[in-house]
Amino acid sequence: MYAVLNKYRTAFLIGLQSNVVYRWNFAIRSGFSFVQLAVVFILWRAAYASAPDIGGFAFGATLTYFVTLIVVQFFIGAFNEDYLINEEIRNGLINQFMLKPINYFAYRFSIFTAARVVSGALVLIPLAAALPFLGHYLVLPHGAWRVALGVPALALGGLIQFAIAFCFGMLTFWFLEIQGFIILSLALESVLGGQMFPLDLLPPAAFRVIQYLPFYYQMYFPAAILTGRISGRTALHQLPVQAAWAVGLVALAGFLWRRGLRRHTAVGG
Amino acid sequence: MSLQRYAAIWLACIRYTLTRTLMFRGDFFIWALVELFWTGVNLLMILVIYQHTASIAGWSEYQMILLVSTAMLIQRLLMGFFWTSIFEMGRNVRSGDFDFVLAQPGNPLFMASTRKLDPDSLVNSAVSLGIVIYAAHRLGLHPSVLDLALYAALIVCGVAIHYSVLVLTVALVFWLKHAQGLEGSYFTLADFGRLPSQAFRGASRILFVWIVPLVVVSNAPARTILHGFQPAWTAWAAAMAAGWLALAIFVFHRGLRRYSSASS
């Protein structure tokens, strides 16, 4: 057991080193995310000017939601994992994983975790810089239960994000060019994952349907727990649903990997 | 080289792209669908917000749709004509394949910017234009021919400004070799174009409306359709287009000095 864990620990450490090389990349991206927050701030402040209450929340609560979403994204979001998997399959680099006693999903997940440690740490810099301007707008609700439920929701959200990215990467076995699918999934996740607007602003029927989809549990669910957009009772009911989606998507990723390998041709001497 | 020669090169690139699109028709349909979906996402956001409020900075729902679709029209035109080429420029500088562009007999920025077109984005620019027309119809607007000509000219200025911002963003690769995906930062900046200028207050108004050109890009043409000829906005958009294009060309050539070829 220890030997197995040690294997992925090494992959994690290698991932940590290689992601530190791209620290400027993450730093600039996190900086730009806060530039995007300026767009969100200006748009929603203007919307709140003619309606002091939107969806039952004041401007501060909505801004807190978007700030939380950005921070959460850098800690658990899948950035380009689907693209990296696509490259490894297309270039035949996955051939080595068929010869080694290593699980490709677990290996990639170790590197994903390392990348999020680096990007998560770097997002704290622009957050700290923005706090003097945003601090008095932010309203994080109290309650230890929000942290107790928010942390597992974040972990499961990260697993769901990675599993979806992995599944999209697996499409390379069937379609060599998957960039279009990736951007389409990004658009889906932006809307259904609550990045464009808090999902509870949708008409009630649409909101109910979305709660059955995995995108809801990627980032919206943990962010909504932490920012007070859902009650403890709802969070407790939905946490098992999130866990079920995580298990289901990991199983789907494994299935696609096995089926995809049947189509794969490993070329080389 | 004469302008005619450059036009001939660009036409040759367009012919090559169209032939390539006909070869990969499935790819074209997927990308066209992706962009159509993004257009829908942007409109959905406006519709959802207006379910809860009557106005955003004094702009009604259809005025806002007109503004957002104008911003999308400019962005789709930029993506149709330049995005793929400039995106590949960043990657080629990192890999050293930029040598291929430098070896061509022409201005490096022109050669690097015009290699490929994205017909799917151009199709979607027609969709965005359709939404502009629909929003204008719902608002009961009847712009004059002069207003329409001015709108078209301001769209060209907008594409020039977006092109400059994209080149400036990608040119960072000359200094930051390990930075990947910087091109995506352009989309963050472009989001400012979807906001009405009245939404900006205080220092942010000076910065984003009058210094950083991305708000004027979409507001100037949208206001022309909504309120007729606006001399100050028109002059400012034209001046911004010229100034930022000059800055982008300057920064690109400064960056080019730092480019070290990958060949032996």
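## Chain A

Chain A contains eleven helices and zero strands, where helices (H or I, at least four residues) and strands (E, at least two) are DSSP runs numbered from the N terminus. From the N terminus on, its elements follow the order α-α-α-α-α-α-α-α-α-α-α. The radius of gyration of chain A is 20 Å, close to the 18 Å that the globule rule gives for 269 residues, so chain A is as compact as a globular protein of that length. This radius is taken over C-alpha atoms, and the globule rule is 2.2 Å times the number of residues to the power 0.38.

The C-alpha trace of chain A spans about 70 × 40 × 40 Å along its principal axes. Of the 269 residues in chain A, 41% are buried. A residue is buried if 20 or more other C-beta atoms lie within 10 Å of its own, exposed if 12 or fewer, and partly exposed in between, with C-beta atoms placed from the backbone. Among the contacts in chain A with a separation of 6 or more, 84% join residues 24 or more positions apart; two residues are in contact if their C-beta atoms, placed from the backbone, lie within 7 Å.

## Basis of the model

This is a predicted model, in which local features need pLDDT of at least 70, side-chain atom pairs count only at pLDDT 80 or more, and totals for chains, interfaces and linings use all residues. Residues are numbered from 1 along each chain as its sequence is written, while chains are lettered from A and ligands numbered from 1 in the order in which they are written.

## Chain B

Chain B has eleven helices and zero strands, and its pattern along the sequence is α-α-α-α-α-α-α-α-α-α-α. For 264 residues, a compact globule would have a radius of gyration near 18 Å, and the 19 Å of chain B agrees with that. Its C-alpha trace spans about 65 × 45 × 35 Å along the principal axes.

In chain B, 42% of the 264 residues count as buried. Residues 24 or more positions apart account for 78% of the chain B contacts with a separation of 6 or more. B:A57 is found in the loop between helix 2 (25-50) and helix 3 of chain B, and is partly exposed, with 19 other C-beta atoms within 10 Å.

## Two packed helices in chain A

Two packed helices are described by the angle between their axes and the distance between the axes. The axes of helix 4 (residues 81-90) and helix 7 (residues 144-170) of chain A come within 8 Å and cross at roughly 35°. Here axes are lines fitted to C-alpha atoms, for helices over the stretch in contact, and angles run from 0 to 180 degrees between N-to-C directions. The crossing of helix 4 and helix 7 of chain A is right-handed; a crossing is right-handed if the near helix is turned clockwise from the far one by less than a right angle, and left-handed if anticlockwise.

Helix 4 of chain A contributes A:E81, A:D82, A:I85 and A:N86 to the contact, and helix 7 of chain A contributes A:F162, A:A165, A:F166, A:F168 and A:G169. The residues of this contact divide into five nonpolar, two polar and two charged. Ala, Val, Leu, Ile, Met, Phe, Trp, Tyr, Cys and Pro count as nonpolar, Asp, Glu, Lys and Arg as charged, and the others, Gly among them, as polar.

## Where the chains meet

The contact between the chains takes 29 residues from chain A and 31 residues from chain B. On the side of chain A that touches chain B, helix 2 (23-49) and helix 8 (179-192) of chain A are the elements that give two or more residues. Helix 2 of chain A supplies the largest share of that side, twelve residues. The residues on that side of chain A divide into 21 nonpolar, six polar and two charged.

A:S33 is found in helix 2 of chain A. A:S33 counts as buried because 20 C-beta neighbours lie inside 10 Å. A:S33 and A:T227 are 194 residues apart in sequence and 19 Å apart in space, C-alpha to C-alpha.

## Nonpolar cores

A nonpolar core is a set of buried Ala, Val, Leu, Ile, Met, Phe, Trp, Tyr and Cys residues joined through C-beta atoms within 7 Å. The largest nonpolar core has 141 residues, of which A:L43, A:I160, A:A163, B:L66, B:L78, B:L166 and B:V215 touch the most other members. Helix 3 (residues 61-95) of chain B gives the largest share of this core, 18 residues. Another core, of six residues, lies apart from it and includes A:A187, B:I30, B:W31 and B:W38.

Not counting residues up to four places away in sequence, B:L66 touches B:V132, B:A135, B:A136, B:A222, B:I225 and B:L226. B:L195 is found in the loop between helix 8 (185-190) and helix 9 (202-211) of chain B, and is buried, with 27 other C-beta atoms within 10 Å. With residues up to four places away in sequence left out, B:L195 touches A:V39, A:I42, A:L43 and B:V215. B:L195 and B:L214 are 19 residues apart in sequence and 9.5 Å apart in space, C-alpha to C-alpha.
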